[in-house]
Amino acid sequence: MDKHYSICIGRKFGSGGRNIARLVADSLGIKVYDRDLLKTASETSGFSEEFFEQADEEKTRKGWRSLFMGHLTTHGMSANNYLSNESIFNMQSDAIRKLHEQEDCVFIGRCADYVLRDSDRLLNVFIAADMDDRIERICRHADVTPRKAQSLIEEHDRKRSSYYNYFSGRVWGDPTYYDLCLNSTTLGYDKCAEIIVSLAKERLKI
Amino acid sequence: MAELKTPQELGTDGIGKLLIRYAVPAMIAMLASSLYNIVDRAFIGHGVGPMALSGLAVTFPLMNLSAALGSMVGVGSGTMISLKLGQRDHESAQMLLGNSVTLNVLIGVTFGLLSLVFIDPILTLFGATDVTIGYAREYMTIILVGNAFTHLYLGINCILRSAGHPNKAMVATIGTVLLNTFLDYLFIMVFHWGIKGAAIATVISQVLAFIWQCYQLSDKSELIHLRRGTYRLRGDLVRNIVTIGLSPGLMNAAACIVVLLINRGLLKYGSDVAIGAYSIVNSIAFIFVMMVMGFNQAMQPIAGYNYGAGQIHRVLRVLYLTLFFGTLVTTLGFITGEFLTDFCIKIFTDDPELTVIARRGMHLVFLIFPLIGSQMVTGNFFQSIGMPGKSILMSLSRQLLLLIPLLLTLPRFFGMDGVWYSMPVSDALSVILGFSLLIPQVRKLKVIAKNS
């Protein structure tokens with residue numbers, strides 16, 4: 001059995017996944033790795049953080065730009081290019097594995113569930129929410145109109161899903177790949193966190 | 001390079017030593033493929049005749065197109081497999097291998113069949129005439145029948161490289177060249193099968209190379225091997241392979257248009273013989289271009305790693321060194337093209353008419369060759385440091401954006417010479433473009449290096 005456990009949280013944009021992750025981590029007394037992961041990856045690889053930011057889950061290019069700009073060089077040449085998205089993803093995965101060996105973690109996104117798939121102390125969760133609720137949340141946080149919020153949501157969800165599907169070969173948000181799928185609109189953040197914590201305690205033998 | 005760890009040596013060892021160590025295997029593979037062209041053309045030129053050489057040259061655009069489809073699948077699946085192996089996800093890597101085999105067979109057979117059906121109109125479009133179409137058809141028919149094997153052989157070689165067996169890929173490449181040389185001699189010189197002999201030799205050597213590859217990949221102890229149950233196409237895998245492979249494929253397909261324009265220009269303002277002359281000039285130029293590409297391949301990991309690690313002075317050092325070697329290689333090309341002209345042409349033909357045209361072509365095409373090396377290195381450098389946009393602009397400008405308009409206009413004023421002029425003129429313009437992009441970039445890097 002692995003020395004440490006990890007809880008991987010996938011989330012739809014604006015569903016409050018990060019807040020829930022914080023609540024879970026606080027209740028278990030462990031650390032959340034969101035964007036901090038990029039910093040860790042940068043430290044373990046010796047590569048500057050900006051490269052990890054460029055290749056991060058919501059930075060992937062879309063449409064024709066990805067065809068001509070992204071793929072030719074950053075994808076096509078990955079066999080010997082250390083700055084390709086694939087190579088950066090592999091370095092980031094090494095950081096995820098290293099953290100999992102060193103401490104108990106909550107990971108947000110970044111295919112951590114796939115990277116750690118061989119671990120026997122892993123809990124995979126997906127957080128969704130009703131569209132109206134997500135729009136309202138984004139309006140509040142980003143100070144935008146509901147229309148704009150909706151298009152932001154669609155864009156970010158598309159990027160997250162194409163990042164996840166590309167690197168993991170799984171389907172983002174497909175219940176098959178998660179132990180638990182929760183709706184934060186109907187359950188509320190606290191209840192979601194409570195369910196995750198209690199399941200984690202039971203399943204991960206904390 | 002299946003598991004792209006970050007080897008310490010890239011950040012510490014001497015740059016010169018690293019560059020040579022990475023460049024030698026890359027150059028051997030590159031030289032092998034340019035040798036392949038030379039051998040084929042030399043046997044056809046001497047053993048069959050100058051018109052056969054033109055007939056062969058007429059088939060190049062079609063061969064480019066086929067190679068474009070092959071490289072699409074090869075690069076796409078190679079990239080995906082190395083990603084999956086990096087994640088120790090052997091199951092997915094296995095599926096990708098099986099799927100790429102199926103895709104290659106499907107695309108290879110479809111392309112082969114379609115081209116066979118329309119073979120005469122296609123060849124006429126590419127510049128065949130009554131004199132040359134016989135040779136072109138005879139050659140291409142056999143090549144197209146074996147087309148699926150060509151795709152399989154090239155595709156699996158890509159995969160072997162990505163799956164951590166670059167040496168096996170190299171053995172396959174060199175083996176094919178040697179076998180092809182021997183069979184060319186046997187079929188053309190001994191059996192007198194004509195241009196058909198060259199095609200049969202090509203197909204047989206690729207089929208045998210493919211069988212050898214299958215043998216290598218059937219070892220069950222290998223991380224990835226050919227296995228039943230992996231050949232059924234899966235939509236998501238095919239989509240990933242195709243999107244990744246699409247732009248390298250399109251770049252290769254663009255080469256097809258350029259060769260088509262060159263062939264047609266030479267035919268319109270010159271003769272069938274001129275097309276054959278182009279195939280000679282092209283073979284010689286190819287050697288040096290491929291050698292520079294070998295250095296470029298070696299520069300990529302060194303520049304990319306050090307750029308990522310913030311060791312900018314090492315990035316600049318590898319850039320300067322590669323610029324030096326690239327220029328050295330193309331200067332050698334210049335000397336060969338301008339001063340050893342007749343020696344080079346003699347490899348392919350003794351025909352006086354063909355020699356005269358090829359000599360003129362070589363003298364013009366190699367005119368500014370010493371500068372090309374730096375242009376190619378610059379383009380690749382941008383790619384190494386994660387600026388694909390500039391890199392694509394550089395390679396498109398020399399081979400496409402500048403060349404196509406020149407090929408369409410210059411011959412109107414200068415006749416056949418105009419076709420030849422297009423190449424050095426487009427080269428010169430793209431060298432200027434290259435330097436105007438590179439110099440500001442180097443300045444920026446120097447500032448970063450000083451501040452760190």
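**View 1. The buried residues of helix H9(B).** In this predicted model, H9(B) holds these buried residues: Ala169(B), Ala172(B), Thr173(B), Thr176(B), Val177(B), Asn180(B), Leu183(B), Asp184(B), Phe187(B) and Ile188(B). Buried means that 20 or more other C-beta atoms, placed from the backbone, lie within 10 Å of the residue's own. An α-helix has 3.6 residues a turn, so residues three or four places apart point the same way. The cover over the buried residues of H9(B) includes helix H2 (15–47), helix H8 (147–162) and helix H10 (195–217) of chain B. Helices are DSSP runs of H or I, at least four residues, and strands are runs of E, at least two, numbered from the N terminus.

Residues are numbered from 1 along each chain as its sequence is written, and chains are lettered from A and ligands numbered from 1 in the order in which they are written. Because the model is predicted, local features need pLDDT of at least 70 and side-chain atom pairs count only at pLDDT 80 or more, while totals for chains, interfaces and linings use all residues.

**View 2. The length of H9(B).** Helix H9 of chain B has 25 residues (166–190) and, at 1.5 Å a residue, should span 36 Å. The expected span is 1.5 Å times one less than the number of residues. Its end C-alpha atoms are 35 Å apart, which agrees. His192(B) follows H9(B) and has a positive phi, near 55°.

**View 3. H8(B) against H9(B).** The two axes come within 7 Å and cross at roughly 150°. Axes are lines fitted to C-alpha atoms, for helices over the stretch in contact, and angles run from 0 to 180 degrees between N-to-C directions. H8(B) is therefore roughly antiparallel to H9(B), a term for angles over 145 degrees. H8(B) contributes Asn157(B), Leu160(B) and Arg161(B) to the contact, and H9(B) contributes Pro166(B), Lys168(B), Ala169(B), Ala172(B) and Thr173(B). Contact means C-beta atoms, placed from the backbone, within 7 Å.

**View 4. The open sheet of chain A.** Five strands run in the order S2-S3-S1-S4-S5, with parallel pairing. Two strands pair if DSSP finds at least two bridges between them. Strand S2 (31–33) and strand S5 (180–183) of chain A are the edges, each pairing on one side only. From one strand to the next, the twist averages 25°. Four bridges join S1 (residues 6–11) to S3 (residues 105–108) of chain A. Ile9(A) stands opposite Ile108(A) in S3(A).

Note on methods: Buried ≥ 20, exposed ≤ 12 C-beta atoms within 10 Å, placed from the backbone. Contact = placed C-beta atoms within 7 Å. Parallel < 35°, antiparallel > 145°, perpendicular 65-115°, else oblique.
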